[in-house]
Amino acid sequence: MAERKRNKEIHFYVTEEERKLIRRKMIESKTKNMGAYLRKMAIDGYIVNTDTTPLKKQYEEMHKIGININQIAKKVNTTGNLYPEEMQELKEMVKELWHILRSSPLK
């Protein structure tokens, strides 16, 4: 143990409720090691978490549209035919993609 980089121990006591709260916050911070979490919090004082829910929803919508476009492209490549209503549908999907991109929270 003498060769360890971190060779000083710090001990402290918490209530069961405090332990649960610390563990919950550790999990929320996506840290798996209690020592690493406590060291990070003691030194830096905070951990920033980013809510990516809007980006996930945006990705899901764009993915669905992409699947639809691919299905139409496959049909066109197979049959060589593209009906006017399919062309209109493609135009609407492209408009929707642009709308999603313009309303992106990353602006």
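Q: Where is the place of Val 14?
A: The model is predicted, so local features need pLDDT of at least 70 and side-chain atom pairs count only at pLDDT 80 or more, while totals for chains, interfaces and linings use all residues. Residues are numbered from 1 along each chain as its sequence is written, and side-chain values use heavy atoms, with hydrogens and water left out. Helices (H or I, at least four residues) and strands (E, at least two) are DSSP runs numbered from the N terminus. On that numbering, the place of Val 14 is in the segment before α1 (16–28).

Q: Is Val 14 buried, partly exposed or exposed?
A: Buried means under 20% relative accessible area, exposed means over 50%, and partly exposed lies in between (1.4 Å probe, protein chains only). Val 14 has 37% relative accessibility, so this residue counts as partly exposed.

Q: What is the volume of the largest pocket?
A: On a 1 Å grid over the protein atoms alone, a cavity is a set of points where a 1.4 Å probe fits but cannot get out, and a pocket is an open set with protein on both sides within 12 Å along at least five of seven lines; lining residues have an atom within 4 Å of a point. Grid points are joined across faces, edges and corners, and a volume is the space filled by probe spheres set on the points. For the largest pocket this volume is about 530 Å³. Of the 14 residues that line the largest pocket, the closest to its centre are Lys 8, Glu 9, Ile 10, Gly 35 and Arg 39, and the volume asked for is about 530 Å³.

Q: How many residues of the lining of the largest pocket are charged?
A: Ala, Val, Leu, Ile, Met, Phe, Trp, Tyr, Cys and Pro count as nonpolar, Asp, Glu, Lys and Arg as charged, and the others, Gly among them, as polar. The lining has six nonpolar residues and three polar ones, and the charged residues number five.

Q: How many salt bridges does a search of the whole structure find?
A: A salt bridge is a side-chain nitrogen of Lys or Arg within 4 Å of a carboxyl oxygen of Asp or Glu. In the whole structure, the number of salt bridges found is six.

Q: Which residue forms a salt bridge with Glu 16?
A: Glu 16 is partly exposed, at a relative accessible area of 40%. About one helical turn separates Glu 16 from Arg 19, because they are three residues apart in helix α1. The closest N and O atoms are 2.7 Å apart, and the partner of Glu 16 is Arg 19.

Q: What is the N to O distance in the salt bridge of Arg 24 and Glu 28?
A: Arg 24 and Glu 28 are four residues apart in helix α1, so about one helical turn lies between them. Arg 24 counts as partly exposed at 43% relative accessibility, and Glu 28 counts as partly exposed at 40%. Their side chains meet with an N to O distance of 3.0 Å.

Q: How far apart are the closest N and O atoms of Lys 95 and Glu 92?
A: Being three residues apart in helix α4 (residues 84–102), Lys 95 and Glu 92 are separated by about one helical turn. Lys 95 counts as exposed at 53% relative accessibility, whereas Glu 92 is partly exposed at 39%. In their salt bridge, the closest N and O atoms are apart by 3.8 Å.

Q: What is the value of phi of Lys 30?
A: Lys 30 lies in the loop between α1 and α2 (34–44) and is exposed, with a relative accessible area of 73%. Most residues other than glycine have a negative phi. Lys 30 is a residue other than glycine with a positive phi, near 60°.

Q: How far apart in space are Ile 72 and Leu 82, C-alpha to C-alpha?
A: Ile 72 is found in helix α3 (residues 53–79) and is buried, with a relative accessible area of 9%. Ile 72 and Leu 82 are 10 residues apart in sequence, and their C-alpha to C-alpha distance is 8.2 Å.
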